[in-house]
Amino acid sequence: MDELNALFGGFAVALSAYHIMLMVIGITLGVVIGVLPGLGGANGVAILLPLTFSMPPTSAIILLTSIYWGALFGGAITSILFNIPGEPWSVATTFDGHPMAQNGKADEALVGAFTASFVGAIFAVCLITFLAPVVAKFALKFGPAEFFAVQFLTFASFIGMGRGSAFKTVASMCLGFALASVGLDGVTGTLRMTFGQDELLNGFKFLVAVIGLFGIGEILCSMEDGLKFNGATAKLRMDAVIRTWKQLPGMWLTFLRSCIVGCWMGITPGGATPASFMGYGIAKRLSKRGDNFGKGELEGVVAPETAAHAAGTAALLPMLTLGIPGSPTAAVLLGGLLIWGLQPGPLLFVEQPDFVWGLIASMYLGNVVGLIMVLTCVPFFAAILRVPFSIIAPAIVFVCAIGAYTVNNAMFDVWMMLAFGVLGYLFNKLRYPLPPLVLALVLGDQAESSFRQAMLVSQGNVGVFWSNWLCGSIMTLGLVMAFWPMLQALRVKLSSNGAITRAA
Amino acid sequence: MIRREVSKAKTIAAALAASACLTSPSWAQSWEPTKPVTLVIPAGTGGGADQMARFIQGVVQKHNLMKQPLIVINKAGGAGAEGFLEMKASASDPHKITITLSNLFTTPLGTGSPFNWKDMKPVAMLALDQFVLWVNSEKPYKTAKDYVDAVKAGTDRQFKMGGTGSKQEDQIVTAAVEQLTDGKKFTYVPYAGGGQVAVQLVGNHVDSTVNNPIEAVGQWRAGQLRPLCIFDAQRSTYTAKVTDKEAWSDIPTCKESGLPVEYQMLRGIFTTKNATPAQVNFYVDLLKKVMATPDWKEFMEKGAFNQTMMTGADYEKWLVSAETLHSDLMKKAGFLATQ
Amino acid sequence: MSSNEEAEEDRPLVSYRTLDIAVAIFFLIVAAIVITDSLRLGISWKPNEGPQPGLFPFYIVVAMGIASLVNLAQALPHTPAGEKTATTIPGIKRMAAIFVPAVLFVLATNYIGIYVSAAVYIGAFMVFFGKFPVWQALAVSLGIAIVNFMMFEVWFLVPLPKGPLEAALGY
């Protein structure tokens, strides 16, 4: 139990009034950053980085990771209240979170989201505590073919779960892929679909599309129905925490599934955004209440939030042990490590045990502090819905415009956001599903690159995806997932056939 | 677009300032930014240029070297074209500087994006980033010669070279090495970032890489990777032990090991085209102050940078020759944009 | 969607059928654009390198085109569901009330910066649609603009589009 001793040593480092104060500051900032789509965790971390040069590295990383936790918590708030994902990984939270808010259950959705985030993070931290060396070695097994397999699995677990027209689903997903391919092709270094326009060099960024499709689209829908948000009239009750927590133990299986999915995606490193989609997709397919998903089901908030937070936390592991940042925020943190004279990589755990275990201990503490802070603020967050619509609507457009602008610092993206808003409204009206489009947009580019890298490695032989047990089993699992609806239909058919033959 | 509107007013101001400079050289020394200075990074977060830019930002703030804040933004679109086009478009705004990597030359050549380093005003070369040939330490190759012989003996495209991006520095070095392997080509596998490339090599998904020192030093120290040679004319000057036995200076040059290829990457600062000498001088002074800090020296050593500082005419001369070199290398490798 | 009682007073503007056809055609146009550029990039499978850059986009949008043709074919026949009203005139007016000013706001951002135009946008919306007294609208809109200005420009140092006013203040 060397880990436990080391961990207690870490707690001794992290548990000081000074460090707790840093956590509170960091989490407050992080929540603000998470709420505003214009500010990413990377901004917050980058701004505070210079301030931390005069601190000991352990204090510095506690402050900076607290911002990271805060941003992870905060992303859910605007998703639930206004259907605007503050961060990419909270897109899946909107699917059920916003309908809950429209049903007057914004507070329950918020408590559910925060609690789920906390559970996911703690699960991932436990994993880091006890399995870091093993897990780090496992991550080395991932080459291009394995990456593609993971991305394929993400698609497969999400595909075919939409209601409505299959052709509309296909059209919507393909549009996402097509948009994702605009810009520089990373494999050959050629420009695609830019037609000589400088504005298109950057392609269509996920966040711009999402802010437009969800945020602006939602505002248009609300305006059409009249000058109000649904659910704004719900009574504020102070017992939201207890009310929600009573419902959670029944979802333990969803929690567990999402934790595993999240850790897996964080380490591999698929990232928090695909993890949230996969968590949602699997829960919808396997949960007893899966048919109600999308209409305001608490479980539909819990599943993606748990997975996103578990992935976000687990993603710190490859950063520390391999030096690969799992997200832009992690990239800035990584820069920070270098400035403090710490070299991320395989030796960090050996050479800087105080730092590493202090950091891990602060992950536990930071999440506890964060949960307490955001839970006490739930009534306040829910009260935002009571601000008159004629103030909130233009303010949201303003904040969305900032969010779209800051993605690439380009006005072109703000125009695109408005265009996506109209598209979002039309898609909503005509029942074209948005999630496949969004997923294709976030994963399309990466999946294509991994596939083509794998093809380069194997000299164009598709068999590479079944060349080893790891890759082969993920691909096979993906195929099973993709054809699950068909398999189920087949089973129903077979059993009914059986019944008929028996009857006959 | 708004910037362009604003900059019209500034053109006049800058013109006035320029004429004033011509008449009073003492005044020329005293330009200072009147608003926050933006440092444009033509690359994504987490890469070598990004790390260096954020490091400079940190040092400037820590030592209070500038009254106005320094803001760092990433404009990575189109292999950095986006960032350079922004610099070109705001030619009259001296509050913008950019840090370069080799995409300063490779992006216009490889993608046909309409810009050239002459659309900006060179400020200073900060350092040259090295390239090292790495293999997995489980593999039997001890020297560059062993490895090149193995490539020659193998089948075409049998050996996989991992690198950052496509038609950029890593692939150019690879192409230069391929000139000396008896016509045997590598399979070049492009990845998104240098850190990822090093890990792919540890995981044996590729056979070799030409990572920059800072990208792979962690894995070297852990005994997972082995450096074979450094693509420079001389050995590195850093003699402090990095691993238990070796220092950067113990890595032989590729030329010594029978692989006469040299390549280094510019880490330089540019400002906008119409900047006055006074404005350029301000940035040169600022960078000199940054480079005098102990933090900078430590950073240089960690990344085994070749510490060559150049400004003014020397720097421009270097840029001209580097541009010719890149266009030659890319022409030979067939990487030029077809349009 | 809208119940029958409401539909009587809301004059219809477009039916689901019209909208469905329009969106399907939009998809087909996108498909045509992408196919053009994919063909330029090459869509073959090279022996040692795998797919060329245009291969994926090409087949993806071919699938999209086929799906859109099916969608179009399904939308074309006159069906009771297709004839239902998708958007009414009052509905589109209410949407225009937020969207048209939003377009003007983005346009104005190019000239007077995002903060000033946001203040005007929020203030005007409050006065004309929220029927707030002018002083309240002024206070709220200026408050939001200033808080955001402090947050982005001063605190987090994220540069946003600025106009002559900010330039006069030295930003």
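## Basis of the model

The model is predicted: local features need pLDDT of at least 70, side-chain atom pairs count only at pLDDT 80 or more, and totals for chains, interfaces and linings use all residues. Residues are numbered from 1 along each chain as its sequence is written, while chains are lettered from A and ligands numbered from 1 in the order in which they are written.

## Contact between chains A and B

In chain A, 44 residues are in contact with 43 residues of chain B (contact: C-beta atoms, placed from the backbone, within 7 Å). Two or more residues of the side of chain A that touches chain B come from each of helix H3 (41–48), strand E1 (183–184), helix H15 (328–339) and helix H21 (435–458) of chain A; helices (H or I, at least four residues) and strands (E, at least two) are DSSP runs, numbered from the N terminus. H15(A) gives the largest share, seven residues.

This side of chain A has 27 nonpolar, 15 polar and two charged residues. Ala, Val, Leu, Ile, Met, Phe, Trp, Tyr, Cys and Pro count as nonpolar, Asp, Glu, Lys and Arg as charged, and the others, Gly among them, as polar.

## Strand E4 of chain B

Strand E4 (residues 120–129) of chain B is largely enclosed by the rest of the structure, because nine of its 10 residues are buried (20 or more other C-beta atoms, placed from the backbone, within 10 Å of the residue's own). E4(B) pairs with strand E10 (residues 265–272) of chain B in the antiparallel sense over eight bridges; strands pair if DSSP finds at least two bridges between them. Leu128(B) has Leu266(B) as its bridge partner in E10(B).

E4(B) is also joined by two bridges to strand E11 (residues 310–311) of chain B, in an antiparallel arrangement. Here Ala124(B) is partnered by Thr311(B).

## The five-stranded sheet of chain B

Five strands of chain B form an open sheet in the order E7-E6-E8-E5-E9, with mixed pairing. Its edge strands are E7 (187–191) and E9 (225–230) of chain B, each of which pairs on one side only. H21(A) packs on this sheet, touching E6 (160–164) and E7 of chain B, and its direction makes about 160 degrees with that of E7(B); angles run from 0 to 180 degrees between N-to-C directions, with axes fitted to C-alpha atoms, for helices over the stretch in contact.

## A helix pair in chain A

The axes of helix H7 (residues 144–158) and helix H12 (residues 272–286) of chain A come within 8 Å and cross at roughly 40 degrees. Thr154(A), Ser157(A) and Phe158(A) in H7(A) meet residues of H12(A) that include Phe277(A) and Ile282(A).

Technical notes
Two residues are in contact if their C-beta atoms, placed from the backbone, lie within 7 Å. A residue is buried if 20 or more other C-beta atoms lie within 10 Å of its own, exposed if 12 or fewer, and partly exposed in between; C-beta atoms are placed from the backbone.
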